[in-house]
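Please look over the protein shown here. The report below goes through its fold, core, ligand shell and some local backbone features.

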Amino acid sequence: MDTARKLIILADAAKYDASCASSGTSQRDSSDGRGLGSTEGAGICHSYAPDGRCISLLKILLTNWCTYDCLYCVNRESSNVPRARFTITEVVDLTLDFYRRNVIEGLFLSSGIVRTPDYTMEQVIEVARRLREEHDFRGYIHLKTIPDASDELVLKAGRYADRLSVNIELPTADALQALAPEKESAAIKRSMARIKLQSDDHADGLRTRPRSLPSAAARPARPPRFAPAGQSTQMIVGADASDDRQILQTSATLYGAYRLKRVYYSAFSPIPHSSSALPLRAAPLLREHRLYQADWLMRFYGFGEDEICTEGGMLSLDIDPKLAWALANPAHFPIDLNRAPKERLLRVPGLGVQSVERILTARRTRRVQRADLDHLRVPTAKVLPFVALPDHRPRESDRVAWLTRSRHRATAPAQGDLFASPVPV
Ligand code: SF4
């Protein structure tokens, strides 16, 4: 099989990994010869570097052969899909070739599990090692870590990769046991713990490195780098019956215990010839979007995972989680924009972290009035029903009227029944 064919198969097989996806846009392509570029297909995806730059990554699997049989995965052993396997040299050459042509700025490499977790991990690491040591490649590398790979291999992977990730796959250990019996939740968390420990050791090494003084002996060498962009994971949403509260609780645990940089949510989409244990229909993409919003509220707005889900353990699909929380907790409003502490301002629908900072800065020198909101780049229509100002005091009816306007849609989205028949198209 030639490299181009392998690339088609193994880039397509990698597209289900959302941990560096650029999803959510409309579908466009130029395969009919008209226009230029495509938002479909696979192969190059966008990710964010530690300094905030958006970068393009070659996103591929080393192989889509796999000895595991995770029911939700198109690459599982029993799946009837075309298989391919890159050699290490092929991945190295492709990465360098695309990089030199300015098509990509880095590599995202994952793999099905062949022979053993350690063997697979060694192959993945060897790609990164050759790129870094033999070709002095300084671009971004994200390696998927195989759960159960040995400590030494995790350490080695972190020396070459900018980011490591281990997929948690499903929100609960029971769901994992049911849908991916060869995987073990404890083993996945052990891998995350190893990465965290290595990161901590590395950070300690940097902190405790003595400064060298003039005429003193040279200071010890910098400790070898370890995955400076940290670790991330991916959770499939809607493949099992877990509700949004359980999903967010799992995320909160992962952020707290393993200091993950990101949890990526991937809405389940049915795969060909799948098991009857899986839902017949895809989870709403809007559910994935609401989970990202809720995740943001937990990480940057001080919300607890237990207070975000307002509708029987699920997030509302037709309004964002912050607004849903505000409407479910009217006693917290209105909030005095000139007196409330930062934590309370962050709870006002429409106020982002930067708007709150601008308000805090402004009120050091004057009392913020209604007319100031535009200058502070605050979305006035959304914020006014929830805040009190010297020249503005909202009524409960303002909030209801605002909600009615924002909910005005032809058909309100609804959470699907996991095992209902697919909607005819
Ligand atoms: S181990 Fe990974 S590639 Fe293999 S079947 Fe499971 S999810 Fe798919």
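Is R115 buried or exposed? R115 is exposed, because 11 other C-beta atoms lie within 10 Å. The scale is this: a residue is buried with 20 or more other C-beta atoms within 10 Å of its own, exposed with 12 or fewer, and partly exposed in between, with C-beta atoms placed from the backbone.

## Basis of the model

This is a predicted model, in which local features need pLDDT of at least 70 and side-chain atom pairs count only at pLDDT 80 or more, while totals for chains, interfaces and linings use all residues. Residues are numbered from 1 along each chain as its sequence is written.

## Overall fold

The protein has 15 helices and nine strands. Both are DSSP runs, numbered from the N terminus: helices are H or I with at least four residues, strands are E with at least two. Of the 425 residues, 38% count as buried.

Contacts join residues whose C-beta atoms, placed from the backbone, lie within 7 Å. Among contacts between residues at least 6 apart in sequence, 66% join residues at least 24 apart.

## Nonpolar core

A nonpolar core is a set of buried Ala, Val, Leu, Ile, Met, Phe, Trp, Tyr and Cys residues joined through C-beta atoms within 7 Å. The largest one holds 98 residues, and L109 and A157 touch the most other members. Helix α3 (residues 117–134) gives the most to this core, with six residues. The core draws at least three residues from each of domain 1 (3–22 + 40–206 + 224–283) and domain 2 (329–406). These bounds come from an automatic or database domain assignment.

What does L109 touch, not counting residues up to four places away in sequence? Its partners are I60, L62, V91, V124, V127, L143 and K144.

## Ligand shell

Nine positions are listed around the ligand: C66, Y68, C70, C73, N75, R76, G112, I113 and A180. A residue counts as near when its C-beta atom, placed from the backbone, lies within 6 Å of the molecule or strand in question. The shell divides into six nonpolar, two polar and one charged. Here Ala, Val, Leu, Ile, Met, Phe, Trp, Tyr, Cys and Pro count as nonpolar, Asp, Glu, Lys and Arg as charged, and the others, Gly among them, as polar.

C309 sits in the loop between α9 (305–308) and α10 (321–328). C309 counts as buried because it has 23 C-beta neighbours inside 10 Å. Leaving aside neighbours within four places in sequence, C309 contacts D244, R245, L248, M314 and L315. C309 and P321 are 12 residues apart along the chain, and their C-alpha atoms are separated by 7.4 Å.

Why is α10 largely enclosed by the rest of the structure? Six of its eight residues are buried. They are P321, K322, L323, A324, W325 and A326. Their cover includes α8 (285–300) and α9.

## Backbone features

F333 and P334 are joined by a cis peptide bond, with omega about 0 degrees. P334 lies in the loop between α10 and β8 (335–336).

N102 is not a glycine, yet has a positive phi of about 65 degrees. N102 lies in the loop between α2 (88–100) and β3 (106–110). N102 counts as exposed because it has 8 C-beta neighbours inside 10 Å. R115, also not a glycine, has a positive phi near 55 degrees. R115 lies in the loop between β3 and α3.

Conventions: Contact = placed C-beta atoms within 7 Å.
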